[in-house]
Amino acid sequence: MRKQIVAGNWKMNKNIQQGKELCNSILNLLETSNKEVILAVPFTHFTVLAELIKGSDLKLAAQSCHHELSGAFTGEISASMFVNLGVDYVILGHSERRTYNNEGHDLLRKKVDIALSQSLKVIYCCGESIEERKTGVHFDLVSEQIMEGLFHLDSESMKNIVIAYEPVWAIGTGETATSAQAQEMHSHIRKAIVNQFGAKVAQSTSILYGGSCKPSNAQELFSQTDVDGGLIGGASLNAEDFISIIKA
Ligand code: PGA
């Protein structure tokens, strides 16, 4: 059985007071779930939220990490520092970081390696722009992102990788991929993993959908064979919405 996962990506939202309130509301509403529930919160919130979620099933994720463990890198935070704070996951390859921080294949590969070396699990994002979809290169583009970021790993390391397919045109736009579009791409990704790592690894790798996933469409998306949960941006900032997505 593949792990079903719902991860909330708060991005650069919520100050610490608001973050505590949101986290408490989620804890109050959260029932035992067969899904792994993850909160990817701003770096500044980890100490406080790690204390709040103690004893619960919630896990914390960083939204990025540096590709070195320590040194003269002003303003950066390393994977080992996150682990030290009780963080379990890191999101890497999010389209916002690929775009605004120019994170390319080589850098992402280093980040994946350093995260795994510290036992931080990786939520590795991929996804095409609307132009890429319109010109029909979306399958090749996603294959390339997966190949460049993950195919240097061995099968054992893949146990600590979760993939998130997030079409860039659906992120924060209100426009969601149809369940058929999501299934088609997720199946494409799983086949690529079969080719590189074999069927056993592919069958146990969780592939999440992200991009304007909300209570009204989560159930339909999550019911697809190869969709194993979601990476949720906007809708994770509201406890009721996030909980109803977890229940979907
Ligand atoms: P969204 O963001 O749900 O607001 O579209 C998803 C993401 O960027 O992870």
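These legends describe close-up views of a predicted model. Residues are numbered from 1 along each chain as its sequence is written, and side-chain values use heavy atoms, with hydrogens and water left out. In this predicted model, local features need pLDDT of at least 70 and side-chain atom pairs count only at pLDDT 80 or more, while totals for chains, interfaces and linings use all residues.

View A. The largest pocket has a volume of about 360 Å³. A pocket is an open set of points on a 1 Å grid over the protein atoms alone, where a 1.4 Å probe fits, with protein on both sides within 12 Å along at least five of seven lines; lining residues have an atom within 4 Å of a point. The volume is the space filled by probe spheres set on the points, which are joined across faces, edges and corners. There are 14 lining residues, and Lys11, Met12, Gln63, Glu96 and Arg97 are the closest to the centre of the largest pocket. Helix α4 (residues 95-100) supplies the largest share of this lining, 3 residues. Helices (H or I, at least four residues) and strands (E, at least two) are DSSP runs, numbered from the N terminus. By class, the lining has 6 nonpolar, 5 polar and 3 charged residues. Ala, Val, Leu, Ile, Met, Phe, Trp, Tyr, Cys and Pro count as nonpolar, Asp, Glu, Lys and Arg as charged, and the others, Gly among them, as polar.

**View B. Helix α1 against helix α12.** Helix α1 (residues 16-29) packs on helix α12 (residues 239-247) at an angle of about 40°, and their axes are 9 Å apart. Axes are lines fitted to C-alpha atoms, for helices over the stretch in contact, and angles run from 0 to 180 degrees between N-to-C directions. The angle makes α1 oblique to α12. Angles under 35 degrees count as roughly parallel, over 145 as roughly antiparallel, 65 to 115 as roughly perpendicular and the rest as oblique. Leu22, Ser25, Ile26 and Leu29 of α1 make the contact with Ala239, Glu240, Phe242 and Ile243 of α12, where contact means heavy atoms within 4.5 Å. These residues divide into 6 nonpolar, 1 polar and 1 charged.

**View C. Helix α11 against helix α12.** The axes of helix α11 (residues 215-222) and α12 lie 8 Å apart, at an angle of about 20°. That makes α11 roughly parallel to α12. Pro215, Ala218 and Phe222 of α11 meet Asp241, Ser244 and Ile245 of α12. The contact of α11 with α12 has 4 nonpolar, 1 polar and 1 charged residues.

**View D. Surroundings of histidine 67.** Histidine 67 is in the loop between β3 (59-62) and α3 (79-84). Leaving aside residues up to four places away in sequence, histidine 67 touches Leu107, Lys110, Lys111 and Ile114. The C-alpha atoms of histidine 67 and aspartate 113 are 8.1 Å apart, although the two are separated by 46 residues along the chain.
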